[in-house]
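Visitor: Please show me the model, and then let me ask about the words you use for it.

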Amino acid sequence: METVNLSLAEAYQLALRVLTHNGFSAAHARAMVANVCGGERDGCASHGLYRLLGCVHTLRAGKVSPDALPRLEDKAPAVVRADAGGAFSLLALEQALPLLVEKTRRCGIAALAINHCVHFSALWADIEPLTEQGLVALACTPSHAWVAPAGGTRPLFGTNPIAFGWPRASQPPFIFDMATSAAARGEIELHRRAGKALPPGWGIDGAGRPSTDAAAVLDGAMLTFGGHKGSALAAMVELIAGPLIGDMTSQESLEYDAGAGGLPMGGELIIALDPWRFLGDETAQHLARAEALFSGMQAQGARLPGERRYQARPVSEAQGVNIPRALYEDIVALGQ
Ligand code: NDP
Ligand code: PYC
């Protein structure tokens, strides 16, 4: 596949031009560009520059506010709520993080509910600022009803990612970030764009038959990872980042979309924990035991989740990123 090489600065300027040209406010555009360029830099193609297509489509379909300002609400000693006002989640997150950190330091555990947001991004980026402050973090969000529950054949759950982060003293954090579907929908869309077959087990067609055809799976249903186990986790995400925080399930999000093809609307739940509040003076001693666990994994040849991203980061910083020419041309066209 023919590719185009962009330095990170060029990628940033291209993305900024596209978003501001289409009417996103400066504050939203800046938060979104940082996110998609961070995804591309870390080798997350499904949540990198490709997302610009979905962001602009969602705006043109009237399904996201380009400029709503987030409203923060101090709900309880350990709960903060950020109402994104129908805009993308990232500005609300950015503005709510300091209060979440303050509450976590005070209470040992605190939660942030981002409500009434459109969500398009990878969750590791949402929790990395927390691990950078020495906190443990968990994040999840529903999406659109694209995924069949284990034992069913019709879409009900979202791709419902869960990210978990653990801070490490002199190394990048331990962060896993995974859809509860066998793969993110963005991955399947990229397979369709590239004309590539899917690995078996990712989805079924409209008649409920296993399929490796990306278009057929996008029209049919995606499958959860790990059968009933991924299905249970997907249901948990629906509950704790839906009804628990007063926001939409994936089914409701898809109904709200009404065929517009916009990105999912709903909420995100982020929980942060402060090891020091649990462990006090014994914090360093117990965090060292976590390091022994990571070493034990690596000693067997296993790689840590997140490792691939942290290895890709300096390479992209030095050499730029390569994106398919067709994607580059689609993005450039959005800015004209
Ligand atoms: P992957 O299946 O590619 O990866 C999931 C996790 O497993 C990552 O942390 C990855 O680390 C790790 N991993 C992958 N391979 C290995 C391995 N061999 N050994 C150890 N760890 C490994 O991601 P998904 O397709 O499930 O999700 C991709 C992205 O899509 C996520 O960032 C997610 O947040 C995003 N997403 C967002 C949604 C939204 O609604 N906003 C919905 C669904 C997904 P590494 O990154 O280092 O490879
Ligand atoms: O890839 O499943 C996905 C996704 C949904 C919303 C953002 N990304």
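Guide: A place to begin is the side chain of Asn160, joined to that of Glu238 by a polar contact of 2.8 Å. This is a predicted model, in which local features need pLDDT of at least 70 and side-chain atom pairs count only at pLDDT 80 or more, while totals for chains, interfaces and linings use all residues. Residues are numbered from 1 along each chain as its sequence is written, chains are lettered from A and ligands numbered from 1 in the order in which they are written, and side-chain values use heavy atoms, with hydrogens and water left out.

Visitor: Why is the pair Asn160 and Glu238 called a polar contact?

Guide: A polar contact is a pair of N or O atoms within 3.5 Å; within protein, one atom must be able to donate a hydrogen and the other to accept it, and residues adjacent in sequence count only if both atoms are side-chain atoms.

Visitor: What is the phi of Asn160?

Guide: Asn160 has a positive phi of about 35°, although it is not a glycine. Most residues other than glycine have a negative phi. Ala258 is another residue other than glycine with a positive phi, near 50°.

Visitor: How do you know whether Ala258 is buried or exposed?

Guide: The relative accessible area of Ala258 is 63%, which is over 50%, so Ala258 is exposed. Ala258 lies in the loop between helix 9 (250-257) and strand 11 (265-273).

Visitor: Why does Leu156 count as partly exposed?

Guide: Its relative accessibility of 38% lies between the cut-offs, so Leu156 is partly exposed. Leu156 is in the loop between strand 5 and strand 6. Its C-alpha atom is 8.9 Å from that of Ala221, 65 residues apart along the chain.

Visitor: What makes the residues of helix 11 line one face?

Guide: Helix 11 covers residues 283-299, and its buried residues are Thr283, Ala290 and Phe294. Seen down the helix axis, these fall within an arc of 45°, so they line one face of helix 11. The arc is that of the directions from the helix axis to the C-beta atoms. The face turned away from the buried side carries the exposed residues Arg289, Ala292 and Ala299.

Visitor: Which residues are around ligand 2?

Guide: They are His47, Arg51, His119, Phe120, Trp146, Thr159, Ala184, Arg185, Gly186 and Pro264. A residue is near a molecule or strand if one of its heavy atoms lies within 4 Å of it.

Visitor: How do you know which of them make polar contacts with ligand 2?

Guide: Oxygen atoms of ligand 2 lie 2.7 Å from an N or O atom in the Thr159 side chain, 2.9 Å from a polar backbone atom of Arg185, and 3.5 Å from a polar side-chain atom of Arg51. Taken alone ligand 2 exposes 250 Å², of which the protein buries 91%. Such areas come from the Shrake-Rupley method with a 1.4 Å probe; for residues, only the protein chains shown count as cover.

Visitor: Which atoms of Ser121, Asp177 and Arg308 approach ligand 1?

Guide: A backbone N or O atom of Ser121 is 2.8 Å from a nitrogen atom of ligand 1. Oxygen atoms of ligand 1 lie 2.5 Å from an N or O atom in the side chain of Asp177 and 2.7 Å from a polar side-chain atom of Arg308. Taken alone ligand 1 exposes 930 Å², and the protein buries 74% of that.

Visitor: Which element gives the most to the shell around ligand 1?

Guide: Strand 7 does, with 4 residues.

Methods:
Helices (H or I, at least four residues) and strands (E, at least two) are DSSP runs, numbered from the N terminus. The expected span of a helix is 1.5 Å times one less than its number of residues. Buried means under 20% relative accessible area, exposed over 50%, partly exposed in between (1.4 Å probe, protein chains only).
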